[in-house]
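Dear colleague,

I am passing on the structure we spoke about, together with some notes on its sheet and on its pocket. Please read the notes with the structure open beside them.

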Amino acid sequence: MIELKDVTKRFGDSITAVDGVNLTVQTGETLVLLGSSGCGKSTTLKMVNRLLDPDEGSIWLEDSDISTADPIELRRSIGYVFQDIGLFPHWTVKQNVGAVLRLTKRTDSEVSEKIDHMMNLVGLDPPAFGDRYPEELSGGQQQRVGVARALAADPKYLLMDEPFGALDGITRESIQDELLRIKSELGKTIIFVTHDLFEAMKLADRIAVMNAGRLEQVGAPSELIQQPATEFVRQLFAKPAAQLRAFQKHKE
């Protein structure tokens with residue numbers, strides 16, 4: 001479980017990026033932070049593994065306040081997938097996937113076996129892709145490598161910061177489906193950041209809607225559509241609500 005308690009983050013004297021956020025992510029669920037650029041969602045995500053530290057409040061993993069943890073060890077225990085992927089260009093796919101594994105106490109054979117397993121998990125055949133370099137891969141294949149690398153050390157938690165934003169629609173949908181399959185198989189606790197409403201509805205167990213650094217509402221997609229708590233949420237979900245009504249009418 002991940003718990004944010006009255007978390008606030010400021011930049012300078014005038015910008016409050018995250019303002020008094022209280023949020024609990026249950027073990028095994030995918031919670032999506034949804035909002036427009038500048039709403040505080042990525043800042044919130046970065047505080048969960050101490051890329052940033054809050055100015056007020058605290059963040060807990062299970063029963064531990066992460067402010068007491070060594071930041072490097074904390075980050076090694078949490079998978080992180082960025083939009084720009086961040087693969088090492090002069091390393092092969094296998095070397096990139098095994099980057100974190102080589103920091104653990106596994107033997108070379110154990111590392112090699114785990115790399116192959118993770119590549120297969122994300123749909124990349126090790127003999128076909130293992131010795132390729134990032135520049136030889138498509139954008140979707142690079143994202144699969146990024147996901148495999150994040151999961152390789154078997155972290156309990158996976159943080160994903162708009163990881164599919166740069167992909168074309170067809171590739172994006174394919175990778176979304178792959179993530180749902182991996183989630184079903186591995187049961188990870190995931191925080192996923194996106195500004196794409198329909199991506200959020202597809203992937204989330206619950207959605208946390210952010211606006212100007214504050215949480216507007218947290219709930220299942222159906223709850224946000226049918227019972228918006230604020231005018232902002234109502235307007236945000238007006239389009240999918242209309243589509244849902246049209247679909248239901250068509251079925252009748």
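In what order do the four strands of the open sheet lie, and is their pairing parallel or antiparallel? Please bear in mind that this is a predicted model. In it, the strands of this open sheet follow the order S2-S1-S4-S5, and the pairing is antiparallel. Strand S2 (15-25) and strand S5 (64-65) stand at the edges with a single partner strand each, so that one side of each has no neighbour in the sheet. Helix H1, made up of residues 41-48, lies across S2, S4 and strand S1 (2-11), and its direction is at about 120° to that of S1.

The other feature that I would point out is the largest pocket, which holds about 480 Å³ of space. Its lining consists of 19 residues, and those nearest the centre of the pocket are Arg75, Arg76, Ile78, Tyr80 and Val100. Two or more lining residues come from each of helix H2 (71-76), strand S6 (78-82) and helix H6 (139-151), and S6 gives the most, with four residues.

With best regards

Note on methods:
Residues numbered from 1 in each chain as written. Predicted model: local features only at pLDDT ≥ 70, side-chain atom pairs only at ≥ 80, totals over all residues. Heavy atoms only, no water. Pairing = 2+ DSSP bridges. Contact = heavy atoms within 4.5 Å. Axes fitted to C-alpha atoms, helices over the stretch in contact; angles between N-to-C directions. 1 Å grid on protein atoms, 1.4 Å probe; cavity = no way out; pocket = protein on both sides within 12 Å on 5 of 7 lines; lining within 4 Å. Points joined across faces, edges and corners; volume = space filled by probe spheres on them.
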